[in-house]
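Here are some notes for a colleague who is opening this entry without having seen it before.

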Amino acid sequence: MKKLLEISLGVVTSVGGFLEVGSMATAAQAGALFGFQLIWAVVLGTICIIFLVEMAGRFAAVSHHTIADGIRERFGFNAFIWPLLAVLLVNFLVLSAEIGGVAIAAELATGISFQWWALPVAFLAWLLLWKGTFGLIEKGVSMLGLVTLCFVVAAVMLRPEWKEVAVGAAPSLPHHDTAKYWFMAVSILGASISPYLFMFYSSGAIEDQWDKSYLGTNRAIAGLGMSFGGTISVGVLIVAALVLGAHGVTEVDDYNQLPLMLIPIFGFWGFVLFVASLAIACFGAALEVALQQAYLVAQGFGWNWGEDLKPRDDPGFSLVYTLTLFLAAVPIALGLDPLKLTIFSMALTAASLPLTVVPFLFLLNDDRYVGEHRNGVVSNAAVIFVIALGFVLAVVSIPLQIFGGT
Amino acid sequence: MQLLRDMLDKQVVDREQVKIGKVDSIVAELKPGKPPRVSAVELGSIALARRLGSTPAGWTAKLAARLSGKQQARPHRIAWNKVRDIGVDIEFDIDVRRTRIFAWQDWLREHVVGRIPGA
C-alpha cells in the first residue's frame, strides 16, 4: 500500500516535471502547423526520457551517488567541467523561459504586461525554496499540475480521427515547410529529453533516501510518469491541430493565440483552465530547474546540499538558487519574448544532450557503481540510440534554428 | 586501490558526516630509495584550478589572496592519516568547524544568507 502511494506520488511528480512551457509551446506550434504529423517526435522523446530517468533513479538508488557526483567521480573534474557548464547555461535559459511562461499566464489573467510579472514570479519561487521542504515542493506543486489533464479531456472531447493520430505516431516526411518541420521536431525532442529532468530525479532519489528496495518503484515511476506526461503533450498537440489549425492559425508566434485552444470546448472556463495550466506547469518547472541548478553546483564541488536543510546550514547551496532565480527573471523583465526564448532554449537543450548522456553509458555499466544492477542489452541500446540522436541534434539544431526557427 | 580512479574527485565528509568538498588533488611524498607515499589530500578552488592549467591556477590564487589574505592562497590540506573510512564518501577524522575550509560559507552565512529573513 505504501509502495502504491509512493508510486502514484512519483507519477504525479514526474508529470509536474515533464510538462512545462517547452513541451506545451512546442506541441502547440507543431499541432497548429503540421496537424498530427509530429506526434512521433513526442512519442520518441517520451520513450528516450523514460529510459534515462529509469537509469538515473537506478544509479542513485544502487550507488547512492547523484548523476552529477557520478560524472565528476568517474571522469574527473577536467571532463566534468564541460557538462557542468553546458547544463548550467541550458538550465538558466530554460528557467528564464519558465518564468516567462508564468508571467504570460499572469498577463493573460490580469491584462498587466508580462514584463512586470517576472520579478514577482521569481520572488514567489524563491520564497518557496527558501522556506519550503523538498516534500512540499515535490508533492504540493506537482499535485496542482494535474490541472493540465484538461488537455487530454479536451483532446478526447474533440473526437479526433484516432486512425490519423496513430498515423502521426510514425515518422513521416513533411509536405511543406521542410526546415521548420525538422526544427519543430528537434525542439519537441529537446523539450522532452531535458537534462534537468533526469539530473533532478537522481537528486530527488538521494533526498528521499532511496536504496535497492526502490528499484521496482523507480521503474514504475519512470515508465508511468513519463508516459503520462507524454500523453498530456500529445493532448496539447491534438487540441492545437484541431482548434488552432481549423481556425486558420498555423503560425503560433504569440502567446496570446494559445488560450483560444480550449475555448471552443470549455467556453470561458477553457480560458481559465489554459491560464491555470500554463501558470502551474511553468511554476513547478521553474522550482525544479532552480533547485537543480543549486544541486548541480553543490554536488559538483562537494558542498553540503539539501532542500530540507535551513538556508543557514547550506549557505552556498541556497545562494546559488537565489542568484539563479533572480538573474533568470532579468531577461523577461527587460521584455525578451518568452515564446522565442522557449523555442530557442529547447533547441539548445537538444544540442547539449551528448555531453550529459554519454556518461550514462559508462556509469550504468560500471560494476563499482551499479554492480549486478548494471544496464541490460535493451537499456544500453536505448542509451546508444539517445547518444546518436543527441549528436545528430547537436549538429542540426543550430543550422535549423537559422533556417527554420521562428 | 587505484589512487586516481578511486580517490580523486570523491566526496569528502568530516566525522559528523558533513559534506566538506571533493578530493581536488592528492599530495604524495617522495623519499629517495622508497616508493611514493600519499601524505594528504587537498580541497578547494585553488587545488581544482591547478588541474585546469597554470593560467586558471594563477588567476584563482590571485583572487583568493585578494579576497581572504595571503595565508588563504594555498589549498586546504587534510593529512592522509586522518582517513577513517572509504565508501561512497571518504570520511576524515576531523571537525570541519575547526578548519578554514568553510570560511567562505561562514562569511556568506554571516554577511548575506543570515541577513535574509527566514534563513
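Predicted model: local features only at pLDDT ≥ 70, side-chain atom pairs only at ≥ 80, totals over all residues.

1. Once its neighbours within four places in sequence are left aside, A:A240 is in contact with A:A27, A:A28, A:G31, A:A32 and A:M261. As general background, nonpolar side chains tend to be buried together in soluble globular proteins.

2. Which kinds of element make up chain A? Chain A has 18 helices and 0 strands. Of its 406 residues, 58% count as buried, and the C-alpha trace of chain A spans about 55 × 45 × 45 Å along its principal axes.

3. The overall dimensions of chain A can be set against a simple expectation. Because a compact globule of 406 residues would have a radius of gyration near 22 Å, the 20 Å found for chain A agrees with that expectation. Among the contacts in chain A between residues at least 6 apart in sequence, 85% join residues that are at least 24 apart.

4. Chain B has 4 helices and 7 strands, and from the N terminus on its elements run α-β-β-β-β-α-α-β-β-β-α. The C-alpha atoms of chain B fill a box of roughly 60 × 35 × 20 Å, taken along the principal axes. Buried residues make up 28% of the 119 residues in chain B, and among its contacts between residues at least 6 apart in sequence, 44% join residues at least 24 apart.

5. In what order do the strands of the open sheet in chain B lie? The sheet has 4 strands in the order β2-β1-β7-β6, with mixed pairing. Its edge strands are β2 (19-22) and β6 (83-86) of chain B, each of which pairs on one side only. Neighbouring strands of this sheet are turned against each other by 25 degrees on average, with direction ignored.

6. At one end of that order, β6 of chain B pairs with strand β7 (residues 90-92) of chain B in the antiparallel sense over 3 bridges. Within this part of the sheet, B:V83 stands opposite B:F92 in β7 of chain B.

7. A further pairing in chain B joins strand β4 (residues 37-43) to β5, in the antiparallel sense and over 4 bridges. Here B:V41 stands opposite B:I78 in β5 of chain B. Strand β5 (residues 76-79) has a covered face, made of B:H76 and B:I78, and an uncovered one, made of B:R77 and B:A79. In general, the side chains of a regular strand alternate between the two faces of the sheet.

8. The two chains meet in a contact that takes 22 residues from chain B and 21 residues from chain A. On the side of chain B that touches chain A, β1 (11-13), β2, α2 (45-52) and α4 (103-111) each supply at least two residues, and β2 of chain B gives the most, with 4 residues. By class, that side of chain B has 11 nonpolar, 5 polar and 6 charged residues.

Methods. Residues numbered from 1 in each chain as written. Chains lettered and ligands numbered in written order. Pairing = 2+ DSSP bridges. Axes fitted to C-alpha atoms, helices over the stretch in contact; angles between N-to-C directions. Buried ≥ 20, exposed ≤ 12 C-beta atoms within 10 Å, placed from the backbone. Contact = placed C-beta atoms within 7 Å. Nonpolar A, V, L, I, M, F, W, Y, C, P; charged D, E, K, R; others polar. Rg over C-alpha atoms; globule rule 2.2 N^0.38 Å.
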